[in-house]
Amino acid sequence: MRCVLRLPARVWGPAAQHLLASSSERMAYLLARASSWTDPWGRHTTDLLVRQALLVPDAALHMQSPVRIEVDPEFTRQVLRACYETGMSMVDVHTHPFGAGPVWFSGHDEHNMRVTHTEFTETMPDDPPAIAASLVLGPGGLAGAWCPHPHRLAPLDACVLLDHTLSEVPLCTP
């Protein structure tokens, strides 16, 4: 099972710039339309096309430091309600502003993703498909994970930046 995230440059560029403009962690929610298909070789693919970035304002953070971030639950609840009402998938993205090397999710991040991705999947209707995914962005790169089944995480297979030409964004691997 594969998962591809497609990011329009007009959405991702300003979001990434905002997220990396602080020495403390920042966060955003990307709302995406999910579709699934099976290619001629029998590989099942889930495609997430990002439509909108919701930047979490620093004022909506209960905790913000270079190594930790906590979003006001009411802000997140409004995002989840919007996903439910519109049938959108949710990709949360936060930064690891420390270090210039490749990035990956911390143990805390992975635990949190297992819980929140499962809750999202169990809450959303089955049609249209609604997928939970996460990105971590740092000066040294980007990493992504998604939840193909409840309680299971898998790395994103590809992240494609959509512009006048298509370009694949290299993903860091664990």
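Visitor: Is R77 buried, partly exposed or exposed, and what is its relative accessible area?

Guide: R77 is partly exposed, with a relative accessible area of 42%, where buried means under 20% relative accessible area, exposed means over 50%, and partly exposed lies in between (1.4 Å probe, protein chains only). Please keep in mind that this is a predicted model, in which local features need pLDDT of at least 70 and side-chain atom pairs count only at pLDDT 80 or more, while totals for chains, interfaces and linings use all residues. Residues are numbered from 1 along each chain as its sequence is written, and side-chain values use heavy atoms, with hydrogens and water left out.

Visitor: Which side chain does R77 meet in a salt bridge?

Guide: The side chain of R77 meets that of E74, at 3.0 Å from N to O; a salt bridge here is a side-chain nitrogen of Lys or Arg within 4 Å of a carboxyl oxygen of Asp or Glu. E74 is partly exposed too, with a relative accessible area of 34%.

Visitor: And how far apart are E74 and R77 in helix α2?

Guide: They are three residues apart in helix α2, which covers residues 73-86, so about one helical turn separates them. Helices (H or I, at least four residues) and strands (E, at least two) are DSSP runs, numbered from the N terminus.

Visitor: How many salt bridges does the structure hold?

Guide: The structure holds five. One of them joins the side chains of R6 and D47 at 2.8 Å, N to O, and this pair links distant parts of the chain, since R6 sits in strand β1 (residues 2-8) and D47 in strand β3 (residues 44-55), 41 residues apart. R6 counts as partly exposed at 27% relative accessibility, whereas D47 counts as buried at 6%. Another salt bridge is formed by R68 and E70, at 2.1 Å from N to O.

Visitor: New topic: which residues touch the most other members in the largest nonpolar core?

Guide: That core has 24 residues, and L5, W12, L30, L48, V93 and L135 touch the most other members. A nonpolar core is a set of buried Ala, Val, Leu, Ile, Met, Phe, Trp, Tyr and Cys residues joined through side-chain atoms within 4.5 Å. At least two residues of this core come from each of β1, α1 (9-19), β2 (27-38), β3, β6 (89-95), β7 (132-138) and β8.

Visitor: What does W12 touch, not counting residues up to four places away in sequence?

Guide: On that count, W12 touches L7, L30, V93, L135, L137, L142 and L161, with contact meaning heavy atoms within 4.5 Å. Apart from this core lies another one, of 17 residues, among them L31, A60, I69 and A132.

Visitor: How do β8 and β9 pair, then?

Guide: Strand β8 (residues 141-149) and strand β9 (residues 152-155) pair in the antiparallel sense over three bridges; strands count as paired if DSSP finds at least two bridges between them. A145 stands opposite P155 in β9. The two strands form a hairpin with two residues between them, and H151 in the turn has a positive phi of about 70 degrees.

Visitor: Last one: how many disulfides are there?

Guide: The count comes to zero, a disulfide being a pair of cysteine sulfur atoms within 2.5 Å. For C83, the nearest cysteine sulfur is that of C147, 15 Å away, and C83 is buried, with a relative accessible area of 0%. For C159, the nearest cysteine sulfur is that of C3, 10 Å away, and C159 counts as buried at 0% relative accessibility.
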